[in-house]
Amino acid sequence: MLTTDYVPGTPNWLDLGAPDVDAAVTFYSAVFGWRFSSAGPEAGGYGFFQLDGRTVAAVGPLTEEGAKPAWTVYFHTADADATTKTVEQAGGSVRVPPSEVFTAGRFAAFTDPAGGEFAVWQPGDVAGLEAVMEPNALCWTELYTTDADTAREFYRSVFSWSYQDMPMGPGMVYSVASAPGGGKGDDTGHGGVMQLQKEHLAAGSASEWHPYFGVSDCDATFNAAVDHGATVLIPPTDAPGVGRLAMVKDPAGAPFALIKGDPDLT
C-alpha cells in the first residue's frame, strides 16, 4: 500500500512529460477533476495537478532530447548522489545527474539495465505527493520490462526491495515489490514488476513504468478518458482479488492505468 509516510525506495512523486502542457491539463482535468497550479514563471511551464488543494501529480514540458510523452515515477531517496552511484554500480545509466530544484528538493533520473526509465526525489521543502490511495490519485506503480530477472535484481540492489511472486497463468509471474519500512502493517507492496510476453516484444513493446490511479467507477472514468481522446490499451477488466482495471494512452501517447480496488479505496 502506498502512503505519504515516505521511506527510501517508495514512490513519492509522479510527473508527466507532455508535448503540450495546456492540452494535458485539459485532458486530465476532464478525466479526474484535477486542477492545475503553476510552479511559477521560473519553473519553465512545470506545475502541479491538485485535487481538493492537495498535489496528486505534476506536469511539465518534455525536456530531454528525443523524449516521448510519459509518466515518470520517482522513488524516495535520502541521498540522490549516493543513489546515483548505486544505480551505476548496478548496471543502470544516468539520464539526468542529481540536480537541485530550488529549495523543494533534489532529483536525478535514470534508466534501468532493461530500459525502464525512473527517477528519485530527495525531499527538501517538498516531501512528495500530498495524497495517494484515494479516488483520482496514485494508488500503484508498475513496471513492464523486457527482462524481469535483471530488473528485479537491479531494483533490489538500488532500493533494497523484496518481492512476493504471484503466478498469473502459464509462464507468467507478477512480482509485488516492497521497500523496507514501506506500506502499512502487513500491506507493504507499492508496485509490481511484470515480464513483457513474447507477443508484446514482437510488437515492439519496451520497458516502462506507469502509474495506476484509483477511481470510484472504472468504466465511467475509462469512458471519459476515451471520449476525450485516449487510446485503449486494456478495456475495463475484472481481476479477481484485485479489482476492476483498465489501461489507456492519453492523447499525446503517455500510458496510465485505472483501478477500482477490491476492496474499494476509502
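Is S160 buried, exposed or partly exposed? S160 counts as partly exposed, at 46% relative accessibility. Buried means under 20% relative accessible area, exposed over 50%, and partly exposed in between, with a 1.4 Å probe and protein chains only. This is a predicted model, where local features need pLDDT of at least 70, side-chain atom pairs count only at pLDDT 80 or more, and totals for chains, interfaces and linings use all residues. Residues are numbered from 1 along each chain as its sequence is written, and side-chain values use heavy atoms, with hydrogens and water left out.

**Helix α1**

- Helix α1 covers residues 21–32. Helices (H or I, at least four residues) and strands (E, at least two) are DSSP runs, numbered from the N terminus.
- The end C-alpha atoms of α1 are 16 Å apart, which agrees with the 16 Å that its twelve residues should span at 1.5 Å a residue. The expected span of a helix is 1.5 Å times one less than its number of residues.
- D20 caps the N-terminal end of α1, with a side-chain oxygen 3.2 Å from the backbone nitrogen of D22.
- Just after α1 comes G33, with a positive phi of about 75 degrees.
- The buried residues of α1 are V21, A24, V25, F27, Y28, S29, V31 and F32.

- On a 1 Å grid over the protein atoms alone, a cavity is a set of points where a 1.4 Å probe fits but cannot get out; lining residues have an atom within 4 Å of a point.
- The largest cavity has a volume of about 70 Å³. Grid points are joined across faces, edges and corners, and a volume is the space filled by probe spheres set on the points.
- Its lining consists of M1, L2, T3, D5, Y6, V7, T10, P11, G182, G183, T188 and H190.
- By class, five lining residues are nonpolar, six are polar and one is charged. Ala, Val, Leu, Ile, Met, Phe, Trp, Tyr, Cys and Pro count as nonpolar, Asp, Glu, Lys and Arg as charged, and the others, Gly among them, as polar.
- H190 sits in strand β12 (residues 189–195). H190 is buried, at a relative accessible area of 2%.
- Not counting residues up to four places away in sequence, H190 touches M1, L2, G9, T10, P11, F75, W140, T141, W161, A177, S178 and A179. Contact means heavy atoms within 4.5 Å.

**Two buried strand residues**

- D15 belongs to strand β1 (residues 11–18). Its relative accessible area is 8%, so D15 is buried.
- The side chain of D15 makes a polar contact with the side chain of Y46 at 2.8 Å. Another polar contact joins the side chains of D15 and Y74, at 2.7 Å.
- A polar contact is a pair of N or O atoms within 3.5 Å; within protein, one must be able to donate a hydrogen and the other to accept it, and residues adjacent in sequence count only if both atoms are side-chain atoms.
- D15 and G47 are 32 residues apart in sequence, and their C-alpha atoms are 9.3 Å apart in space.
- T55 lies in strand β4 (residues 54–61). At 7% relative accessibility, T55 counts as buried.
- The side chains of T55 and Q50 are joined by a polar contact of 3.3 Å.
- Leaving aside neighbours within four places in sequence, T55 is in contact with W13, F48, F49, Q50, L129, E130 and A131.

**Loop residues**

- S160 is in the loop between α3 (148–159) and β10 (162–167). Its phi is near 60 degrees, a positive value in a residue other than glycine.
- N136 has a positive phi of about 70 degrees although it is not a glycine. The loop that holds N136 runs between β8 (117–123) and β9 (138–145).
- Not counting residues up to four places away in sequence, N136 touches F32, W34, L51, V56, G214 and V215.
- M172 is found in the loop between β10 and β11 (173–178). M172 counts as partly exposed, at 25% relative accessibility.
- Leaving aside neighbours within four places in sequence, M172 is in contact with M166, P167, M194 and Q197.
- The C-alpha atoms of M172 and T86 are separated by 29 Å, and the two residues are 86 residues apart along the chain.

Conventions
On a 1 Å grid over the protein atoms alone, a cavity is a set of points where a 1.4 Å probe fits but cannot get out, and a pocket is an open set with protein on both sides within 12 Å along at least five of seven lines; lining residues have an atom within 4 Å of a point.
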